[in-house]
Amino acid sequence: MSLRDRGGPLAGVRVLAVAKVWAGPYAAKLLAQLGAEVIKVESVTALDEMRAYGGVDIEHAPYFLSQNTEVLSMRVNLKSKQGIAQLRRMIAASDIVLDNLRPGALAKLGLSYEAMREIRPDIIHVSIKMYGSEGPLGYQTGYAPSFAAIGGLTNLVGHEGRVPRGMNIRYGDTTAGAAAAFGAIAALHHRERTGEGQQVDLSAVEAISGLVGDSLFAFALTGEPPQHQGNAHSELSPHGFFPAKDGGWISLACDGDAEWRAACEVLGHTALAHDTRFATHLQRHCNRAALEEEIARITAPHDAADLCARLRARGVAAWPAASSLDLVASDQFWSDGTYRMVICGNGDSRPVVGPSWRMEPDEAALACGAPTLGQHDDYVYRELLGLDEAEYEAFKASGAIS
Amino acid sequence: MTALTGITVVETAERVCGEWTGRLLADFGAQVIKVERPGGSPTRLYGPHLGGESAVFGYCNTNKKSVVISLDDEAGRAMLGRLLERADALIDDHDPRWCMQTGFVPAGLRKRFPRLVHCQITPFGQHAPDDCQRAFPINVAAAGGWAWHTPSESDPADPPLMGAGRFMPDYDTGLDAAIATAASLLRQRRTGQGQFIDVSEVGVQVSRADVVLGRALAGDDEPSHSRRTYDMGGPGDVFACCDGFVHLVMLTKAHWQGLRKLMGEPEWTGEFPEDWLEFQCTPERVASFREQFRPWIARQSRNQVSAAAQALGVPLVPVSTAADLIANAQYRHRSYFQELGGTCYPAVAYRMTASPVRLTSAAPGLDADRGEVLA
């Protein structure tokens with residue numbers, strides 16, 4: 001039984017998400033976008049901080065509404081014995097428990113993986129922690145930029161010759177969440193084949209290391225420490241961001257001399273293609289600073305979008321660096337499903353960012369936005385757990401459901 | 001036994017994004033057959049090379065098999081067709097023109113192989129205009145918005161940054177493609193039916209910014225051309241110490257109290273209100289904090305000061321180098337690096353109690369498995 005048949009490849013899979021802030025809820029959302037029934041465990045006594053950011057009204061919190069597409073909400077007070085008892089019954093009715101609370105927090109509630117296995121032997125416990133759930137440094141905690149710093153990403157992002165500043169501070173949670181979602185689906189396969197559940201113990205910093213894995217592997221092979229190097233590329237030249245009109249920037253990458261010559265033609269400087277400093281890849285590579293200076297001088301007065309379109313028309317890969325305004329104003333993203341309209345639990349219709357995939361046939365429907373707190377209490381407690389009216393009311397009165 | 005044992009995936013992908021998708025599936029025990037053009041996948045050309053082998057190719061293609069098939073001729077295309085007849089999934093990352101030329105277009109494949117899960121990765125998805133069908137990772141990072149906003153507190157005079165290394169967007173794309181493909185393979189187990197999956201590389205970048213961008217989409221936040229729209233404010237940043245760099249996040253009163261204790265309560269910290277991070281975090285205070293914190297942190301050693309900070313509840317962490325990670329006690333404990341043929345490979349970010357991931361074979365030599373695959 002599920003609340004609604006939305007279709008999708010994970011239809012029939014139920015996920016209990018004891019997840020807060022960003023990485024955990026993002027993993028939950030990806031599973032929901034594939035058709036899983038995701039039920040978020042919430043309580044007014046321990047709100048997801050995302051319900052509190054950006055205002056005082058927890059039902060109109062911009063971060064929360066931007067995130068929890070097709071996620072259901074049940075209230076359980078985890079400080080209440082009766083609440084925990086109900087949560088245990090929900091674990092028995094779920095395929096996956098996804099948790100990104102602090103290391104050890106779920107165990108303190110009597111819900112370690114071993115304890116959950118007693119409740120449901122084939123449960124899949126997906127644990128998302130900064131450094132994994134145990135081990136010598138497992139106690140450490142941090143935020144997305146901490147993952148990126150420890151995981152080796154930050155050290156490799158920076159302008160040449162300056163302090164490596166890393167990716168934008170927001171980067172990291174969602175990649176960690178995606179890695180967790182993949183682990184969850186792999187565990188579903190294992191269970192489908194063998195009947196066996198398991199714990200998937202994700203380390204967010206290791207998920208980040210996967211993004212620089214080729215650099216780590218090259219270091220293991222050569223002993224040569226990888227360095228941040230701006231936008232330099234050993235195989236493509238030119239390769240980088242070049243200025244455009246009104247503060248714009250264009251990304252430009254040429255694979256081979258023919259593409260470089262085509263780029264020079266579009267830029268109106270065919271002489272540059274024959275300049276002995278730049279005629280071959282090796283020359284461009286060796287004279288990179290001079291090359292980039294020449295190109296920057298030429299691109300600076302052009303409109304970024306127009307110049308990139310003309311370059312692409314000649315087979316040269318060029319795109320403007322998109323600002324938030326460019327992203328929001330993109331007709332393409334509004335029409336191709338990158339952005340979706342959903343109806344939130346609070347009744348508002350709202351655009352949200354959709355998944356990166358389309359499926360044919362049987363793509364999961366995405367119609368509902370983020371839920372209000374406890375919006376699906378009736379479904380969970382009455383339909384799934386079969387409480388009678390008196391029990392249900394008593395739990396609400398006692399605060400177990402609050 | 002691993003989770004995807006028994007599943008056969010054919011990979012015609014020739015870029016890092018598609019190869020990474022295949023590797024993620026191969027990690028879990030899927031048999032991934034890499035179909036390479038005569039001469040080999042273009043990714044074999046990416047440096048650095050050791051003993052003639054590309055490190056990038058070596059990283060992205062563990063646990064796979066290789067067979068060379070020329071799709072320029074009828075015999076080769078027939079051969080691929082026969083492989084697909086017994087495959088569960090196909091991973092490809094070519095543009096529609098290549099698909100037309102080889103005859104492996106999505107609609108045709110669906111008709112011929114209704115049980116096949118076909119994952120096709122392109123920069124903007126299948127329905128994008130012709131000139132949007134070929135992009136390098138730097139273009140994907142540009143079009144998806146992260147480059148514009150990287151690093152935090154970007155100076156408009158500095159160029160945007162594409163990320164770490166040459167392929168960062170490819171790895172994020174591979175994750176989403178593997179998620180969608182694995183989910184679809186679960187559906188295939190249950191229904192016997194295939195699906196066509198159309199993955200947009202730029203869509204992945206946009207999805208990774210969901211809460212930041214979502215607020216702008218809905219008008220909660222003003223979208224703009226500012227380089228700082230994704231920033232959070234606050235004093236957090238990378239700081240130089242005596243043997244490298246650390247990263248500090250500071251958001252709460254407790255963080256501030258912990259940091260003061262860590263520094264031995266220096267006098268200048270008394271100028272800051274206790275709750276300045278939550279309620280009085282002005283740009284002037286941020287600048288003043290950084291100015292006075294810098295000389296202190298510059299004398300510390302990155303790993304020691306990070307451990308001491310963590311003990312006080314302060315999210316101060318080392319900016320790890322590659323060597324740091326290989327030596328990292330937690331990485332060792334979790335066996336993040338796995339040894340294969342005397343070489344240390346980054347493996348996977350999860351430990352799984354029932355179906356642990358093992359790297360079992362290095363990236364295949366070109367056409368190494370021809371006999372076995374075409375038998």
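This is a predicted model: local features need pLDDT of at least 70, side-chain atom pairs count only at pLDDT 80 or more; totals for chains, interfaces and linings use all residues.
1. On the inside, chain A has 402 residues, and 61% of them are buried. As for overall dimensions, the C-alpha trace of chain A spans about 85 × 50 × 40 Å along its principal axes.

2. For secondary structure, you will find 18 helices and 12 strands in chain A. Taking the contacts in chain A with a separation of 6 or more, 69% are between residues 24 or more positions apart.

3. Over in chain B, do have a look at helix α1 (residues 16–27) and helix α7 (residues 168–191). Their axes come within 8 Å and cross at roughly 50 degrees. That angle lies between the 35-degree limit for roughly parallel and the 65 degrees at which roughly perpendicular begins, so α1(B) and α7(B) are oblique to each other. The crossing in which α1(B) passes α7(B) is right-handed.

4. Which residues make this contact? From α1(B) come B:Val16, B:Cys17, B:Trp20, B:Thr21, B:Leu24 and B:Leu25. On the α7(B) side the contact is made by B:Asp170, B:Tyr171, B:Thr173, B:Gly174, B:Leu175, B:Ala177, B:Ala178, B:Thr181 and B:Ala182.

5. B:Asp170 of α7(B) is among the contact residues, and Asp counts as charged.

Key: Residues are numbered from 1 along each chain as its sequence is written. Chains are lettered from A and ligands numbered from 1 in the order in which they are written. Side-chain values use heavy atoms; hydrogens and water are left out. Axes are lines fitted to C-alpha atoms, for helices over the stretch in contact, and angles run from 0 to 180 degrees between N-to-C directions. Helices (H or I, at least four residues) and strands (E, at least two) are DSSP runs, numbered from the N terminus. Angles under 35 degrees count as roughly parallel, over 145 as roughly antiparallel, 65 to 115 as roughly perpendicular and the rest as oblique. A crossing is left-handed if the near helix is turned anticlockwise from the far one by less than a right angle, and right-handed if clockwise. Contact means heavy atoms within 4.5 Å. Buried means under 20% relative accessible area, exposed over 50%, partly exposed in between (1.4 Å probe, protein chains only).
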